[in-house]
Amino acid sequence: MSEATSRALMPRLLRAEWTKFRSVPGWVAGSAVAALLIVLFPLTGLGGGAPERARPIPIGPDGAPVSTAFYFVHRPLSGDGHITVAVTSLTSLSARDGGATAAWAKAGLIITAGSAPGARYAAVMVTGAHGVRMQHDYIHDKAGPPGEAMRWLRLTRSGDTVTGEASPDGTRWSRVGTVRLPGLANTVHAGLFVACPQDVRGVGTASDVATAEFGEPRVSGAWPAGGWSGDQMGADTATFAGYPPGSSGGFTQSGGGFTVTGAGDLAPAARVDVVPAAAVNDLLFGTFPALVVIVVVATLTITTEYRYGLIHSTLSAGNRRGRVLLAKAVVLGGVTFTTSLVTTVLAVRLWSWLVRGLGVYLFPATSGALLRAEVGTAALLALAAVFALGVGTILRRSAPAVTIVIVAVVVPYLLALVPFLPPPMAQWLTRVTPAAALAVQQTLVRHPQVDSVYTPAYGYYPLPPWAGMAVLCGYALVALAVAAAVLHRRDA
């Protein structure tokens with residue numbers, strides 16, 4: 001067969017496969033059911049508690065939810081000025097029991113734009129295991145000069161610009177960072193702070209509270225006369241700040257120095273911190289049942305031909321059997337992608353509106369991330385259909401082919417969503433199995449300065465979105481290539 005004739009054959013093969021697909025009511029109905037499940041199923045995947053137990057969610061300057069709780073020893077600062085202090089020690093409850101200080105326990109200097117949760121701030125600090133840092137407005141974090149000896153801190157305000165510095169001895173200073181806090185009022189509150197995030201390892205509250213020893217603060221600039229005041233900021237002490245029962249934050253002053261105890265954190269909120277809450281991947285939880293239906297339909301499109309002996313007629317359409325298989329894959333993948341994309345876009349918009357109406361907080365996503373999740377989900381389902389087609393061609397039997405594809409794609413997906421599955425296992429399942437493609441639905445951001453539960457059960461995947469999709473693409477291509485080879489060697 002000439003190349004020109006071969007090229008002309010492909011459109012005929014595509015038309016034939018499309019006619020065949022739409023002429024089987026069960027296949028058309030299966031595609032429709034899969035699309036319908038994408039729209040109707042997400043409610044069962046929504047996480048968190050009942051809306052009536054929801055608490056106010058602090059929103060940071062960038063519009064995302066934040067954790068905002070710390071103990072603050074402060075004085076007002078009118079206009080420009082700076083404050084310098086030595087942090088002589090930092091421990092947490094776990095350290096008093098012989099363990100290490102909590103890695104993200106924080107003690108240092110802070111300037112806040114207000115007392116409301118989510119207000120702008122800039123802080124320079126020492127941490128339990130991450131050295132000196134400068135952080136501002138919750139999502140921004142910059143490492144300072146290395147070395148545990150960097151225990152002197154200085155924070156300088158000039159208009160709406162704040163500069164943080166660190167020193168090993170109080171004389172030789174290194175700049176950690178300079179940030180701008182737009183709209184900073186003339187009079188702000190500044191001083192010492194201590195925070196300590198809750199332990200995410202499930203071992204109780206052993207590292208929920210930190211205590212820091214400060215030297216005598218040195219101030220210059222427009223600091224009105226008066227003493228230092230202490231307040232728990234951002235969260236109610238007994239409920240949300242992270243203190244063990246019967247304890248609270250506070251400070252004592254001796255010889256000009258301070259001992260300050262605090263809990264909580266100033267950081268972006270992770271999924272586990274917000275209850276009740278949902279993310280875009282929850283709105284697309286219908287991907288799970290849709291996958292099952294699509295795998296069955298895709299497998300039947302080839303195994304049915306083997307069962308009734310129709311494969312010989314199909315292959316007689318041309319002696320390039322790989323093109324016949326490719327035509328089947330294009331039609332099957334195209335139908336799946338088109339129907340899934342329409343219903344995926346509909347599901348995201350419908351369920352976004354519904355969950356907000358139910359009082360469930362929906363983590364924000366950029367328009368680009370939302371589009372990627374929608375298009376990626378449709379591509380995921382289309383690739384799963386092609387993978388199932390390849391496996392069905394190789395095995396020629398519906399039951400074993402469906403079983404293998406479901407075990408490879410759907411079962412790892414379900415196991416990874418089990419909150420009690422060990423995180424390393426969940427990470428492995430969504431890294432090397434076809435379920436890695438679910439990363440394309442991730443819109444949550446993992447922040448390195450926040451230790452949290454970053455597992456697929458909470459919407460965090462180990463691979464970047466398109467890298468995860470590439471894993472499933474590899475499985476589909478390998479299955480299709482092996483199937484093409486089988487068609488050439490085995491089927492007459």
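This is a predicted model: local features need pLDDT of at least 70, side-chain atom pairs count only at pLDDT 80 or more; totals for chains, interfaces and linings use all residues.
Okay, hi everyone. Let's start with the rings. How many aromatic pairs does a search of the whole structure find? The search turns up 15. To talk about a pair of aromatic rings, we give the distance of the centres and the angle of the planes.

Take Phe-21 and Trp-27. Their ring centres are 6.1 Å apart, and the planes sit at 40 degrees, so we call this pair tilted. And are these two buried or exposed? Both are buried.

Now look at Phe-41 and Phe-288. Here the centres are 6.0 Å apart with the planes at 65 degrees; that angle is over 60, so the pair is edge-to-face. What I like is where they sit. Phe-41 is in the loop between helix 2 (25-40) and strand 1 (66-68), while Phe-288 belongs to helix 5 (residues 287-307), so this pair ties together parts that are 247 residues apart in sequence. Phe-41 has a relative accessible area of 25%, so it's partly exposed. Ring pairs also join Phe-41 and Phe-288 with Phe-285 and Tyr-413 into a cluster.

Next, charges over rings. Arg-75 lies over the face of Trp-228, 5.3 Å from the ring centre. You'll find Arg-154 over the face of Trp-173, and there the distance to the ring centre is 4.2 Å.

Last stop, the surface. Which residues form a nonpolar patch there? They're Val-407, Val-411, Leu-415, Val-418 and Phe-420, with about 460 Å² of accessible area together. Leu-415 sits in helix 9 (residues 398-416), and its relative accessibility is 38%, so it counts as partly exposed.

That's me done, thanks!

Terms used: Residues are numbered from 1 along each chain as its sequence is written. Side-chain values use heavy atoms; hydrogens and water are left out. Rings of Phe, Tyr and Trp (its six-membered ring) pair if their centres lie within 6.5 Å; planes under 30 degrees apart count as stacked, over 60 as edge-to-face and the rest as tilted. Buried means under 20% relative accessible area, exposed over 50%, partly exposed in between (1.4 Å probe, protein chains only). Helices (H or I, at least four residues) and strands (E, at least two) are DSSP runs, numbered from the N terminus. A charge sits over a ring if NZ of Lys or CZ of Arg is within 6 Å of the ring centre and within 35 degrees of the ring normal. Patches are made of residues with over 30% relative accessible area and no salt bridge: like charges are joined within 9 Å, nonpolar side chains (Val, Leu, Ile, Met, Phe, Trp, Tyr) within 5 Å. Accessible areas come from the Shrake-Rupley method with a 1.4 Å probe; for residues, only the protein chains shown count as cover. A salt bridge is a side-chain nitrogen of Lys or Arg within 4 Å of a carboxyl oxygen of Asp or Glu.
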